[in-house]
Amino acid sequence: MPDPIDFYFDFSSPYGYLAAKRIEAIAVKHGRSVTWRPHLIGAVFPTTGSKPLLDIPLKGEYARRDLPRTARHLGIPFRLPTPFPFLSVAAARAFYWLNDRDPAKAKELAMALYDRAFGAGEEISSTEAVIAVASGLGIDADELRAALNDPAVKQRLKAEVNAAIERGVFGSPYIVINGEPFWGHDKLEDVDAWLETGGW
């Protein structure tokens, strides 16, 4: 069985959302699985000297035009939530807590959170919003609320973020295939071709 595709993303990333809608189908096409790895882009900003995409002059205005255009082209619902950008710590903690128990359910939660944020344009930064989405999937609200405040869960996310940075991850989406990195939603066609040909 080929190694899984590592899919790094931040829940606050609209391009990560678009990639999340497509990565599994690309993987299945090539007989691969996907390991979902949420991280926090803001943690690497001091190293890259960057800041949230939509806050960057000129580039941000372009992205505000490109995001809905790309979503329309792909037939994916898209609305920027208010406020934006937002903190994604609670969403990422919830994912890793659930992933240790049920990886398939964790992916389902990740997609439901993304759908709420960028499909419906609603907030997912608060603990209560994350719990509401999780509860809709049958996840116990009290267990999740406790987990979000658990020092071990907090440390788990911190470790995942540090590991991502050590691996060179600096954006969202960031996809790694057998050690080969691809950054950005616009690289999904390259990801597909790389898997098809075995690289070039």
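# Reading contacts in a predicted model

Modeller: Lys21 has a relative accessibility of 35%, so Lys21 counts as partly exposed. Keep in mind that this is a predicted model.

Biologist: How should I read that class, and with which side chain does Lys21 form a salt bridge?

Modeller: Partly exposed is the class between buried, under 20%, and exposed, over 50%. Lys21 forms a salt bridge with Asp115, at 2.8 Å from N to O. Asp115 is also partly exposed, because its relative accessibility is 28%.

Biologist: Where do Asp115 and Lys21 lie in the chain?

Modeller: Asp115 is part of helix 6, whereas Lys21 sits in the loop between helix 1 and helix 2 (23–29); the pair therefore ties together parts 94 residues apart in sequence.

Biologist: How many salt bridges does the whole structure have?

Modeller: The search finds 15 salt bridges. Another one joins Arg22 and Glu189, whose closest N and O atoms are 2.8 Å apart. This pair links distant parts of the chain: Arg22 is in the loop between helix 1 and helix 2, and Glu189 is in helix 10 (residues 188–197), 167 residues apart. Glu189 is partly exposed at 45% relative accessibility.

Biologist: How far apart are the closest N and O atoms of Arg116 and Glu122?

Modeller: They are 3.8 Å apart. The pair counts as a salt bridge because the cut-off is 4 Å. Arg116 has a relative accessible area of 22% and is therefore partly exposed; Glu122, at 39%, is partly exposed too.

Biologist: Which residues are linked in a network of salt bridges?

Modeller: The network links Asp6, Arg37, Asp100, Arg156, Glu160 and Arg167.

Biologist: Where is Asp10, between which elements?

Modeller: Asp10 lies in the loop that runs from strand 1 (5–9) to helix 1 (14–20). Leaving out residues up to four places away in sequence, Asp10 touches His39, Leu40, Ile41, Ser88, Tyr114 and Ser172.

Biologist: Is Ser88 buried or exposed?

Modeller: Ser88 is buried, since its relative accessible area is 4%. Ser88 belongs to the loop between helix 4 (59–74) and helix 5. Beyond its neighbours within four places in sequence, Ser88 contacts Asp10, Phe11, Ser12 and Leu40.

Biologist: Turning to the core, which residues touch the most other members of the largest nonpolar core?

Modeller: They are Phe7, Phe11, Trp36, Leu109 and Ile175, in a core of 59 residues. There is also a second, separate core of five residues, among them Tyr8, Ala164, Tyr174 and Val176. Returning to Ile175, its contacts beyond four places in sequence include Ile5, Phe7, Ile23, Pro181, Phe182, Leu188 and Val191, as well as the acidic residues Asp6 and Glu180.

Biologist: How many aromatic pairs does the structure hold?

Modeller: It holds 19. Each pair is read from the distance between ring centres and the angle between planes, and an angle over 60 degrees counts as edge-to-face.

Biologist: What is the angle between the planes of Phe9 and Phe11?

Modeller: The planes are at 85 degrees and the centres 5.1 Å apart, so this pair is edge-to-face. Phe9 is buried at 0% relative accessible area, and Phe11 is buried at 1%.

Biologist: Which residues do the ring pairs link into a cluster?

Modeller: The cluster consists of Phe7, Phe9, Phe11, Tyr17, Trp36, Phe78, Phe84, Phe86, Tyr114 and Phe118.

Biologist: Last, a helix. Which residues of helix 7 are buried?

Modeller: As a general idea, an α-helix has 3.6 residues a turn, so residues three or four places apart point the same way. In helix 7 (residues 127–135), the buried residues are Ala129, Val130, Ile131, Val133 and Ala134. The buried residues of this helix pack against helix 5 (89–99), helix 6 (103–119) and helix 8 (141–148).

Key
Residues are numbered from 1 along each chain as its sequence is written. This is a predicted model: local features need pLDDT of at least 70, side-chain atom pairs count only at pLDDT 80 or more; totals for chains, interfaces and linings use all residues. Side-chain values use heavy atoms; hydrogens and water are left out. Helices (H or I, at least four residues) and strands (E, at least two) are DSSP runs, numbered from the N terminus. Contact means heavy atoms within 4.5 Å. A nonpolar core is a set of buried Ala, Val, Leu, Ile, Met, Phe, Trp, Tyr and Cys residues joined through side-chain atoms within 4.5 Å. Buried means under 20% relative accessible area, exposed over 50%, partly exposed in between (1.4 Å probe, protein chains only). Rings of Phe, Tyr and Trp (its six-membered ring) pair if their centres lie within 6.5 Å; planes under 30 degrees apart count as stacked, over 60 as edge-to-face and the rest as tilted.
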